[in-house]
Amino acid sequence: MSELPVVPLGTTEIDLVGVRKGSFGTSGSGDTSGFGGLVAPIVMPGASLPPFGGWFDEVAEELALSLLDAGVSGVVEKIVIDRGEMTFHVKAEHLISFMTECRDEPALRFEMCTSVSGVHFPEDADRELHIVYSLLSITHNRRIRVEVSIPDADRHLPSLVALYPSADWHERETWDFFGIIFDGHPALTRIEMPDDWVGHPQRKDYPLGGIPIEYKGATIPSPEHRRSYN
């Protein structure tokens, strides 16, 4: 697949990562609803240019200086200001360095990682899996998002549990649903699905329906055989 272009939308640039065709991407289903002919672009907000406004500029400047003092360069791919949120798109190999500065720099003090989640974009070549972290600064009452993109062919990313212990169960859930491997996690096991479940059900290539529901040998009975309570 060729590299997708950056498409201008008014005065804002957006990144086109793919095109969604049909309802939920299905085809050949005999759909008569009309949704089978749906064609919609999959877009992401493009890079924002400073000044960003408010405390966003202070955070961006402090992070740049802090990373420079730490001797780390080429960390941030882009900064996106969208819907009142600030997102740093960070290269995977620099994730630990970036997060360490976010936590330890006194002017930043993002003490808490409140969530880790994944998104699967099969058409975003060599960046199919996106991992999103939400950071909270209790000291400064600020929130930012950090996003990392990795190829589906190499689903490895360093674990943040040593830096942010609260990321433990969140990383397990992201592994469970998307198959992203967090290297160094103390116990990267299923947390929502049964231990013997095959596949990762929130990936776009996971089958829709038609899968027998079975939990360690106990099957769910068909509706006509279930107990009636009325």
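Before the sheet itself, a word on terms: two strands count as paired if DSSP finds at least two bridges between them, and strands (E, at least two residues) and helices (H or I, at least four) are DSSP runs, numbered from the N terminus. Please keep in mind that this is a predicted model, in which local features need pLDDT of at least 70 and side-chain atom pairs count only at pLDDT 80 or more, while totals for chains, interfaces and linings use all residues. Residues are numbered from 1 along each chain as its sequence is written, and side-chain values use heavy atoms, with hydrogens and water left out.

With that in place, we have an open sheet of five strands in the order E4-E5-E8-E7-E6, with mixed pairing. Its edge strands are E4 (76–82) and E6, each of which pairs on one side only, and the twist from one strand to the next averages 20 degrees.

Helix H2 (residues 95–104) packs on this sheet, touching E4, E5, E7 and strand E8 (142–150), and its direction makes about 175 degrees with that of E8; contact here means heavy atoms within 4.5 Å, and the angles run from 0 to 180 degrees between N-to-C directions, with axes fitted as lines to C-alpha atoms, for helices over the stretch in contact. Helix H3 (residues 167–178) also packs on the sheet, touching E6 and E7, with its direction at about 5 degrees to that of E6.

Let me turn to E7. Nine of its nine residues are buried, that is, under 20% relative accessible area with a 1.4 Å probe and protein chains only. E7 pairs with E6 in the antiparallel sense over eight bridges, and nine bridges join E7 to E8, again antiparallel. His120 stands opposite Leu129 in E7, and Ser134 stands opposite Arg145 in E8.

Now, what lies in the loop between strand E6 (112–120) and strand E7 (129–137)? Glu128 lies there, and Glu128 is buried yet has no salt bridge, the nearest side chain of opposite charge, Arg203, being 8.2 Å away; a salt bridge would need a side-chain nitrogen of Lys or Arg within 4 Å of a carboxyl oxygen of Asp or Glu. Polar atoms of the Glu128 side chain do, however, lie 3.1 Å from the backbone nitrogen of Asp126 and 2.9 Å from the backbone nitrogen of Asp152.

Definitions and conventions: Buried means under 20% relative accessible area, exposed over 50%, partly exposed in between (1.4 Å probe, protein chains only). Lys and Arg count as positive and Asp and Glu as negative; His and the chain ends are not counted. A polar contact is a pair of N or O atoms within 3.5 Å; within protein, one must be able to donate a hydrogen and the other to accept it, and residues adjacent in sequence count only if both atoms are side-chain atoms.
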